[in-house]
Amino acid sequence: MAGINNEEVQERSFDATLMARLLRFARPYWALLLVSFVLICLLTAKTIALPLIVGRAIDDYIDPTTTRFVRVDTPEDAAKANAVVAGTYRFMLNGAWYYDKIELARGLHLAGTSVRTTEVSLYVVAPVKARQLGISHLDLYADAARPFVFRGPQPVFAPGTYVMDAASLSRFTPSERAWLRSVDVAGIRSLSLLFLAIILVAFAVGYINRVVLEVVGQRIVYDIRVKLFQHVERLPFNFLDRTPSGRLTTRVTNDIEALADMYSQALINIVRDGFLLVGVSVVMFNLNSFLTWVLMAVLAGDILLTAIFRVSIRNAHRRARTCLGRINSFIAERIQGVRIVQLFAIEDKEKKSFQRINQEYTAARLRVMLLNGIFRPLVSALATLATALVLYYGGANILAGALSFGTLVTFMFYVQIFFQPVQEVAEQFDTLQSAMASAEKIFRIMDEPEEVYTPSAFDGKVPESFDIEFQGVYLSYNQGQEILKGISFRVEQGGSIALVGPTGAGKTSITGLVPRLYNVDSGRVLLGGVDVATLPAEFLRRNVAFVMQDVFIFSGSILENIALFEEHPDEGRAQEIVDYLGMDFVGRLDGGLHYHLYERGNNLSAGQRQLISFARALYFDPKVLILDEATSNIDTESEAVIQGAIRKILAGRTSMIVAHRLSTIRTVERILVVQHGRIIESGTHDELLAKGGIYKNLYELQSLSEGQA
Amino acid sequence: MATTESKQKVGALRHIGPIIRKYWARYLAGILILAAVDISQTVIPGIAARVIDGLSSFTATKHTLLLALLQIGALITGITVGRYFWRYLIWGSARYIEQEVRADLFSKYLDLSADFHDVHKTGDLMALVTNDLEAVRQSLGDGLLMIADFFIMTTFTLVAMLRFNRSLTLLALIPLALIALFVMRVGPLVFKLFKNVQDAFASLTDYVEEAMTGMRVIKVFAREKDVTRGLRDKAAGLQRRNILLIRLWGLTGPLIDLLGSVSVLVLLWYGGVLVTRGSFTIGGLVAFNTYIGMLAWPMAALGQAINLFQRGQASLARINDILDQKPTIQELPDACALREDMRGEVAFEHVTFEREGHRILDDVSFHIAPGERVGIIGPVGSGKTTIVSLLTRAYDPSAGRVLIDGVDVRRYKLADLRRAVGVVTQDVFLFSDSLEENINLTDLPVGEEEIHEATRQSDIYANISEFQEEFGTIVGERGVTLSGGEKQRVTIARALLKKPRILVLDDALSAVDADTEKHILDNIAGVPSRPTGIVISNRISALRQMDRILVLDAGRLVEEGTHSTLLRKHGWYWRVYRRQLVEQKVEGE
C-alpha cells in the first residue's frame with residue numbers, strides 16, 4: 001500500500017560528489033566494465049563501418065562509373081580548354097578531349113572564357129579488375145579500333161586502367177556485359193560477406209555486452225543492498241525508535257532498485273552515444289566536410305530543440321505523476337474509509353471530487369502528449385530534413401563532379417544514426433537524475449553512525465559470573481526527558497527480581513540497559529562486576545535473553561522462529577525445549593516444528609506465540625533472562641502452560657521480570673515498585689502488602705483480573 | 001458460430017463498449033490522418049530515388065534538386081502536423097476512455113456493500129485501477145495505433161517497393177517478417193520472466209519489511225549475521241532472475257538490429273547485382289534502404305501489439321468482473337423517506353446475524369425509546385459493533401427485524417437512513433484533507449458556527465485552535481499527525497455535526513482520558529434536541545450514567561438494567577466494574 005500512496009516524484013540534479021560515491025561501488029567490477037568498454041568500441045566501429053562498406057560497394061562495384069569528366073567536342077573548344085587545364089586533369093579518348101569538371105570550371109572562370117561541354121559517364125575498369133578479366137580480351141576491342149575503350153597510361157588514371165564511355169556499355173552483347181561485370185559481382189559478393197560477418201559479430205557482441213552490463217549492474221546493486229542492510233542492522237536502537245520501519249524498507253528495496261538502470265544502462269550508454277557521435281563526425285569530415293557542416297547545423301538545431309523541450313516535458317511529466325499519485329491515494333483512502341463514506345452517505349460528493357482530480361490527471365497527461373506531439377515529430381522532421389539537405393547539397397556536389405554516389409549514400413546512411421545519440425543521452429540523463437535522488441536517501445542512512453558493538457574499552461576479558469547491579473542510573477531517550485532518575489539495585493547470580501508499576505514508569509527501560517540496548521546518561525550497569533559499556537554487544541545479547549512483551553513472529557517454520565535464522569538449527573535442542581516447556585500444541589500441528597507460521601504468527605493463538613518466544617529465549621541457553629510479561633488476553637488453556645513455562649525458564653538464571661501477573665510475582669525473591677523513573681518501594685511480596693502502598697493496589701487489581709477470567 | 005463469437009465480444013466490451021463508442025469519430029479521424037502521414041512518408045524515398053537516378057543520367061539540374069528539396073520540405077511539414085493530430089486523436093481518446101473507466105470503477109467501489117469490502121483487499125482493488133486500467137489503456141492507445149500503423153504502413157510501403165522491383169522486395173521482406181515473428185513469440189516469454197523478477201522483488205520486499213519491523217528482536221538476540229544471510233539469498237534470487245530475464249530480453253535489441261541489417265545486406269548483395277545487370281538503380285537502392293527502415297518498427301510493433309492486446313484482454317476481464325457486481329444492500333423500489341421529524345425510536349426484534357457459518361448475533365431483542373440513552377458492553381467478539389452495522393444497514397440481518405420509529409430499516413431510503421443515524425466508528429478514519437473537510441463530510445453548506453459548536457461539544461475545539469492553520473490544517477500522511485484521542489474527538493465532532501436523531505458511539509472514547517470522556521458525554525447529553533443515544537464501550541465510567549445498559553456475550557443479550565441494578569446482580573458487569581475501579585486507583589497515584 002505504501003508504494004501506491006507515496007508516488008512521490010523522485011528527481012535530483014546532478015551531483016558530482018554523489019556520483020563519485022556511486023562510482024566507488026563499481027570499482028570491484030572494473031575488469032568486466034573494461035570488457036564492456038571494448039565491446040562498445042567494437043559496436044561503435046560496426047555502426048560507423050557499415051555505411052562505409054555500402055558506399056565502397058557502390059563506388060567500386062555496383063556503379064563504377066564516374067561523372068567527374070566532361071567531353072569537349074570541337075577542336076576550338078579543346079584548344080581553349082587545354083590552355084587552362086593542366087595535363088594531369090585531361091585526357092584524350094577516341095579523338096575527343098575529356099576534362100576534370102572542377103578544374104575546367106575553375107580554369108575557364110579565371111580565364112574569363114567558356115566552352116561547350118557534354119556530360120558523360122565513364123565506365124572505369126581499374127587495373128586489378130583488368131587483370132582479373134584478362135587484359136588481352138579487352139585489348140581485342142581496343143585493337144579493333146572500337147571507339148569506346150581507352151587504355152592507360154594517362155596521367156589522370158593509374159597505368160593499366162581501362163576507361164570507356166558508359167553509354168557504350170549497351171553495345172556489348174549480354175554475355176559480354178556479364179563477362180565485363182563479373183569482377184564487379186565478385187566484388188559485391190566479397191563486400192557483402194564482409195558486411196554479413198560484421199553484423200553477425202555485432203549481434204554476438206551486442207548481446208554479450210548487454211548481458212555483461214546487466215551482470216555488473218545487478219552485482220553492484222546486490223553489493224549496495226547487502227551493505228545497506230547490514231548497516232541498518234548495526235544502527236542503534238535509538239535510531240530504530242525514531243525511524244518508521246517502512247522507510248527503511250523502501251531504502252533497501254525500491255531506492256536501491258532505482259540505481260540498477262544507472263549502472264547497467266545509463267552510464268555506459270552515455271559513453272557509447274558520445275563515442276558514436278564523435279566517431280561518425282570524424283569519418284564524415286574525412287569524406288566531405290561541407291556536407292558534415294550542414295549536418296552539424298541540423299544537429300545544433302536538434303540539441304537546441306531537445307534542450308528547450310526537455311525541461312518542459314519533464315515538468316509536465318512530473319506534474320502528471322503527481323496527479324496520478326494523488327488519484328491513487330484518493331482512491332486507496334476512499335476504499336479504506338469506505339465505511340465512513342457510506343455511513344455518511346457522501347458517495348455522490350466523493351464521486352464528484354474524484355471527477356475533478358481524475359480530469360486534472362487526464363489534462364496533465366494530454367499536456368505531456370501535446371508537448372511530445374510537437375517535440376517528437378519535430379525531431380524526426382529534422383532528421384528527414386537532414387536527409388533532404390544531404391540530397392540537395394550532395395546532388396549539387398555530384399553535378400559539380402566533387403562527390404561520388406557511394407559517398408552520398410554513405411552520408412544518407414549516417415544521417416539515420418547521427419541524431420539518435422542526442423535523444424538517448426537526454427533520456428539517460430533522466431535515469432541519472434532519479435538515481436541521484438535515490439542515492440541521496442540511501443547515503444543519508446549509510447551516514448548514520450553505527451552502534452558500538454565492541455567498545456574500545458573492552459579488554460578481552462568477559463565476566464564469568466552473572467549478577468546484575470545498577471548504580472545510580474539515569475537515562476533519557478530525548479534530551480531533557482529523563483525516563484530513569486537514579487535507579488540502583490542489585491540482583492545476585494541466579495537470583496530474581498520483579499519490576500512492577502504503572503504504564504510508562506520506566507520498567508522496560510531498566511531491563512533494556514542490561515543487554516546495552518541503550519547507553520545510560522550517567523551511572524553504571526554492571527554485569528558480573530563489569531560495566532556493560534565496556535563489553536561487546538554480541539557477548540551481552542548472547543548471554544542475556546530478552547522475552548519481549550509483544551512477541552514478534554517471523555514468517556517461517558516454528559523451528560526457524562525458535563532458532564531465529566540460525567543457519568543449521570539444532571532441531572533436537574528445539575524439540576527438547578518444546579517438550580520441556582510443555583508446548584504440546586506443536587506436536588498437534590501439521591509438520592510439528594516445521595509447521596509454517598504466517599507473517600506476525602497469525603495462525604497461532606496469543607498464548608502459543610508467547611510460548612514460542614520463551615523457547616526462543618531458551619534456545620541459546622542464556623545466563624540472564626529478562627521477561628517482559630505479556631498483558632494481552634491469553635486463552636485459559638494456554639494460561640496454565642505459560643505459568644508453568646515461566647517458572648521453568650527462570651530456574652537457575654539471574655532474572656528480571658516486568659510483571660503483570662500475580663502468580664509470577666509470588667515466586668520472585670524481591671519486588672521493585674517503579675514509578676516516574678524511580679524505585680519507590682521494594683521488598684518481598686508480604687513486606688509490600690503489609691506496607692499498604694501502591695503495591696497493595698496493584699495486587700488487588702491483579703487478583704480481580706484473574707478472578708474475572 | 002459467428003453469433004456466439006460476436007456475443008462473446010460484446011460480452012468483453014459490455015462495460016467499455018459504450019464509452020469507446022463515444023470516441024469512434026476521433027479514432028476514425030486519427031486513423032485517417034495516420035494513413036495520410038504514412039502515405040506521405042512512403043513518397044519521400046521515391047523523390048530521393050528520382051534525384052539520385054537523375055544525377056546519374058544527367059537529367060538532374062540545380063533546379064530539379066531544389067524542387068525535390070521543397071517537395072520533401074512540404075511533406076515533412078505535413079507529416080509533422082499530421083503526427084501531432086493523430087497522437088492527440090488516438091492516444092488522447094485512450095486517455096479519455098481511461099478516465100471514464102477509472103471513474104466507473106471508483107463509483108463501483110463506493111457503491112458496493114460492506115460484504116464486498118470485507119473480502120477484497122485494498123491492494124487488489126488498487127491493482128485494478130492502476131495496473132489493469134493501464135493495460136487496457138495501452139491496448140486502446142498504443143495497441144490500436146500499432147495495428148493500424150502496421151497495416152497502413154506495410155501496405156503502402158510494399159506497394160511503393162513493388163513498383164521498384166518485385167523479387168528484391170520479397171527477398172528484403174523475409175528478415176523483417178522474422179522480426180514480427182520473433183517479438184510475437186518471445187514477448188509472452190519475456191513477460192513471464194519479467195513477472196518472475198517482480199515476484200522475486202516482492203519476496204525481497206516482504207523479507208526486508210519483516211526484518212525491519214522485527215529488527216529489535218534480531219538485535220536483542222544478536223542474530224544480525226544470520227538475518228543478513230537471508231537477505232543475501234533474497235537479493236541473489238532477484239539478481240539471478242534479472243540476469244535470466246536479460247538473457248532473453250537482451251536478445252531483442254541486437255536481434256532486431258541484425259534482422260534489419262540482413263535486409264540491408266540483401267539490398268546490397270542482390271540489389272547490387274541487379275544494378276550491374278541494369279535492372280535496378282542506385283536511387284532504388286537508397287529508397288529501399290529507407291523503406292526497410294520504415295518497415296522494421298511496425299514489424300516489431302505488430303508482435304508487441306498482439307501481446308498488448310492479450311494483456312489488455314485479461315485486465316479488461318478483471319475490470320468487468322468488478323463492474324458486474326451489484327451491491328447486496330439495496331434500496332427497495334418503493335422505499336420511503338425518513339422524515340426530518342422522526343422520533344428516533346430503535347427496536348431489534350429477534351435479530352440473528354450469521355456470517356460464514358458463524359452466528360454473530362443470536363436472537364437479540366431490545367427496544368430503545370426516543371431520546372433514551374443506552375450503553376452496550378461485552379467482551380471482544382460479543383457482537384456489539386454488529387448491532388451498529390445492522391442499524392445502518394451495512395448488512396441486513398439473517399433473521400428478525402431492525403426497526404426505527406416502528407418501521408423496518410429496509411423500507412427506508414438508504415441515504416436517509418444513514419444520514420439519520422450518526423455513528424462514530426471504533427477505528428477512527430480521517431482522510432488526508434483539512435480538519436474542516438474531515439468534520440464536515442457532506443457537501444451541504446454548514447455554517448462556521450455549527451462546526452465550532454460540534455468541535456466544542458466533542459472537546460477538540462481548543463486543540464484545533466492551537467494549530468496554525470486551525471480548521472484548515474491538513475491531517476494524515478502529508479500533514480499533521482494527530483494523537484489517537486484527538487482523532488477520536490474529531491470523528492465525534494463529525495457525527496455531531498450531522499445533528500442525528502440517533503447517535504451511536506462505538507468505543508469512540510477509548511483513547512481519551514477519563515475526565516475528557518465525562519466531559520464529552522455530558523456535552524452530548526446536553527444537546528437540546530436530545531437524540532437517542534447508543535454508547536458502546538468497555539469502560540464502565542462511560543456507561544454508568546446511561547439510562548440503561550445492555551450486556552452482550554457471544555452474540556446474546558445476557559444482562560440488562562441500569563448501572564445500579566446490574567451491580568446488584570453480581571454478574572459479569574459487576575466483575576468488570578470492580579477491576580476497573582482498582583485500575584483507576586493505580587493509574588491515578
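Mentor: Happy to! Let's start at A:R71, whose bridge partner in β5(A) is A:T118. This is a predicted model, where local features need pLDDT of at least 70 and side-chain atom pairs count only at pLDDT 80 or more, while totals for chains, interfaces and linings use all residues. Residues are numbered from 1 along each chain as its sequence is written, and chains are lettered from A and ligands numbered from 1 in the order in which they are written.

Three bridges join β2(A) to strand β5 (residues 117-119) of chain A, and the two run antiparallel. (Strands are DSSP E runs of at least two residues, helices H or I runs of at least four, numbered from the N terminus; strands pair if DSSP finds at least two bridges between them.) Strand β2 (residues 69-72) of chain A also pairs with strand β4 (residues 96-100) of chain A, in the antiparallel sense over four bridges. In that pairing, A:F69 stands opposite A:D100 in β4(A).

Further along chain A there is an open sheet of four strands, in the order β10-β9-β12-β13, with antiparallel pairing. Its edge strands are β10 (481-491) and β13 (530-531) of chain A, each of which pairs on one side only. Strand β9 (residues 468-478) of chain A meets β10(A) over eight bridges in the antiparallel sense, and there A:V473 stands opposite A:I487.

Now turn to chain B, whose secondary structure comes to 20 helices and ten strands. Four of its strands form an open sheet, antiparallel, in the order β2-β1-β4-β5. Because β2 (358-368) and β5 (407-408) of chain B stand at the edges with a single partner strand each, one side of each is left without a neighbour in the sheet. Strand β1 (residues 346-355) of chain B is joined to β2(B) by seven bridges and runs antiparallel to it. One of the facing pairs to look for is B:F353 with its bridge partner B:L361 in β2(B).

What about the packing around these strands? The largest nonpolar core has 335 residues, and those with the most contacts inside it are A:L499, A:A615, A:I626 and B:F288. (Such a core is a set of buried Ala, Val, Leu, Ile, Met, Phe, Trp, Tyr and Cys residues joined through C-beta atoms within 7 Å; buried means 20 or more other C-beta atoms within 10 Å of the residue's own, with C-beta atoms placed from the backbone.) Helix α10 (residues 282-324) of chain B gives the most to this core, with 19 residues. Leaving aside neighbours within four places in sequence, B:F288 is in contact (C-beta atoms within 7 Å) with B:M161, B:F164, B:L168, B:A172, B:L267 and B:G271. A second, separate core has 18 residues, including A:L122, A:V125, A:Y162 and A:V163.

Finally, step back to chain B as a whole. Buried residues make up 46% of its 589 residues. Among its contacts with a separation of 6 or more, 78% are between residues 24 or more positions apart. The C-alpha atoms of chain B fill a box of roughly 120 × 65 × 60 Å along the principal axes.

Definitions and conventions:
Buried ≥ 20, exposed ≤ 12 C-beta atoms within 10 Å, placed from the backbone. Contact = placed C-beta atoms within 7 Å.
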